[in-house]
Each structure stands twice: as structure tokens, then as C-alpha cells.
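Please open the model in a viewer and keep the selection tool at hand.

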Amino acid sequence: MGGEAEPGAAPPNLLDLTIDNITPNTIRINSQSADARLTYLMARLVTHLHDFARETRLSTDEWMAAISFLIGCGKICSDVRNEFILLSDVLGLSLLVDNINHPTPAGGTEGSVLGPFHTHDAPVLANGASMTSDPDGEPMLAICTVKDARGNPVRGVHVDIWTTDSSGHYDVQHADRDAPSERCIMVTDDQGRFWFNGLKPVSYPIPHDGPVGKLLQLLKRHCWRPAHVHFMFGKDGWDRLITALYLRGDPYETSDAVFGVKQSLVIDLDKVDKETAEKYGVKEGIWLLKHDFVLATQEETEQLRDELATEALQKLGLSLKLVDHLPVPDLD
């Protein structure tokens, strides 16, 4: 790898640069910021990009194809579709970043990928409301709790919920979308509970009509995700949890196109019995999703994150320190 310049060193004379000296000189010219974290990020990005090009002997045609691919990703992005998040998902980067930043303390609910279809216009609904406007599909009642690691209920948690309709499409994928559907926000009650009416989730393909879809074809990879429901939990003082629940037995359970499935998040659905039907005002025999989510406090997660970061950096032999939970060069 190329060496990193000393902070405060005079900017280089950018002349006669070669395969061997382009990396340290690029790092030096990028190292004039007072932001230590930015300087470190750029140094490592340049190092790995340049090493990739050297290791693969990257051709001009391949370099141009990559540039064109990124341009294509940008062109297809919109307010309701983010091809770059999709690209991050299929490369496994989304899950990696989430695991680094939101490690799961013992007993906590594991995270999963956000995906490209979360929106900020979901309506806040009262517990027991319906989040679907789809007349098709199989009705499902979801009854969930949110607790801390000691089993105490956590009240006042905002729970963002979203999933596809019965055709395997998110509402934003429909050109005639005029209001949110198959998504809502609920707030846990004093016993940490929330419950809603929706539809049994179905498998669906990620958008494959754009650059990411073409990449998957070239790689001989399928574009399918197993049936699931997304959840995002937020409350001051608690680590934000982005996760999903996946149906056991789905044909894509072990080959999710975006690597989101974890064994602890795979669930079985039951059927609503007579007593539950009467209590929640639904039909007996419809699908029932029951799950207990366990949140970690922000302090618990940050402590674990720092411990894991320190351990990982030591294994890599890097002389770094943590500032605001992020590694920067230790120059003291």
C-alpha cells in the first residue's frame, strides 16, 4: 500500500507522477484539511482504489465501463428510488456498515438492511389500525412487543413499518401512487406493545431494470428477496434499530439478493385463534405474526462498538485512536 504523508507537510509538486508515486502524492495533496477523520477516510479510499487498479491492471475500457455504470445509477435515481443504495445492498456493503455501526449486544434483536424503499411520508396510525389498502393478498395480524435487555417494556418507541403489497411491489413502484400504502408508523404503548393489520408478505425481485439489475445478470445472480416485513425503531437514548422479519421456508431464505437474512430474524407465522380474533377484532384463521423485539440503549451499543473497533484495529496492526467512536490516526 502507498504510504501516508505527515500532516502539515508541504504540498507536493505534482509533476512526473508514476504508477509507484501517484498514491502517496494524492494522499499528501488531500491531507491539508483540519478534519482528521476526513483526511483519514480519503487516505484509505485512495490507497485501496489505487491498489485495486494496480492489482487488477485495470484497463481503460474497464475504467470507462465503471464510470458509465455509476452515471447510469445516478440517472435512474429519483425521490422514490435510490439505485446507489441498491448497489450498496447487492455488494454487501449496506449490511457490513450496519453491522459495524450497530453491533448487537447479547440478547438484542439483530439488524438488517434498510433497502431502497423506505420513505418519510408514512402515516402515524393507532395500534390496531390497518396499514394496507390492497384488497388482494392474505390478511395478517401482527402483535409485537419492544423490550430492553432485562425484559422491561419500552414505551413511546416510534416504529416505522413497511412492506410490499400482494403483487410484490412497494407503493412507490406504482406510477399511480397518490398516497402511502403498506407502510405506517406506530408508537409502543405503556407495555411496549404495538399491533397492526396487514398482509402476509411475499417474495419479490429487487428492481432489475437498471444498472444494478444488469450487473446481477452479468454475475449470474438472481434478483429475488425472501418475503419479509421491515421495521425501524427510534427513541431518544436508544440505539436506532433497522431490521426485518423473514418467513421461514421461503425459496430465497438462504440466497437473499441483498444479504439481509439472519437466522434470528427468520420466523414462523401462526393462525389467529378464536380468543385472539375476538380480542383484536379480526377474523379467526387469518395469519398471525408475533414477535418480541429487544432494543439496546445508545450507551450499550456505543460501548460495544468501541470495544469491537479497538479489537479490529489492533488485529490489523493500525496505530489509531477513537474520536467520537470513529478511528483517526493516533499522532500523539
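What percentage of the 332 residues in the protein chain do buried residues make up? In this predicted model, the buried share is 40%.

**The whole chain**

Begin with the C-alpha trace of the protein chain, which spans about 80 × 45 × 35 Å along its principal axes. Switching to a cartoon view brings up the secondary structure, which comes to eight helices and 13 strands. If contacts with a separation of 6 or more are considered, 67% of those in the protein chain are between residues 24 or more positions apart.

**The sheet**

Next, select the five strands that form an open sheet, in the order E3-E2-E7-E8-E9, with mixed pairing. At the edges stand strand E3 (183–187) and strand E9 (266–267); each has a single partner strand, so one side of each is left without a neighbour in the sheet.

Within this sheet, select strand E2 (residues 158–162) together with strand E7 (residues 228–234). These two pair in the antiparallel sense over five bridges. To follow the pairing at the level of residues, display His-158, which stands opposite Gly-234 in E7.

**The aromatic cluster**

Now show the side chains of Phe-194, Phe-196, Phe-231, Phe-233 and Phe-293, which ring pairs link into a cluster. The count of aromatic pairs comes to eleven. In one of them, the ring centres of Phe-194 and Phe-196 lie 6.5 Å apart and the planes stand at 10°, so this pair is stacked. Phe-194 and Phe-196 are both buried.

Move on to Phe-231 and Phe-233. Their ring centres are 6.2 Å apart with planes at 15°, so this pair is likewise stacked. Phe-231 counts as buried because its relative accessibility is 0%, and Phe-233 counts as buried at 1%.

**Two helices in contact**

Finally, select helix H3 (residues 60–76) and helix H4 (residues 83–90). How do two such elements come to be described? Two packed helices are described by the angle between their axes and by the distance between the axes. Here the axes of H3 and H4 come within 8 Å and cross at roughly 130°; the two helices are therefore oblique to each other.

To view the contact itself, display Phe-69, Leu-70, Cys-73, Gly-74 and Ile-76 of H3 with Glu-83, Phe-84 and Leu-87 of H4. The residues of this contact divide into six nonpolar, one polar and one charged.

Terms used: Residues numbered from 1 in each chain as written. Predicted model: local features only at pLDDT ≥ 70, side-chain atom pairs only at ≥ 80, totals over all residues. Heavy atoms only, no water. Pairing = 2+ DSSP bridges. Helix = DSSP H or I, 4+ residues; strand = E, 2+ residues; numbered from the N terminus. Axes fitted to C-alpha atoms, helices over the stretch in contact; angles between N-to-C directions. Parallel < 35°, antiparallel > 145°, perpendicular 65-115°, else oblique. Contact = heavy atoms within 4.5 Å. Nonpolar A, V, L, I, M, F, W, Y, C, P; charged D, E, K, R; others polar. Phe/Tyr/Trp six-rings, centres within 6.5 Å; stacked < 30°, edge-to-face > 60°. Buried < 20%, exposed > 50% of the residue type's maximum accessible area, 1.4 Å probe, protein only.
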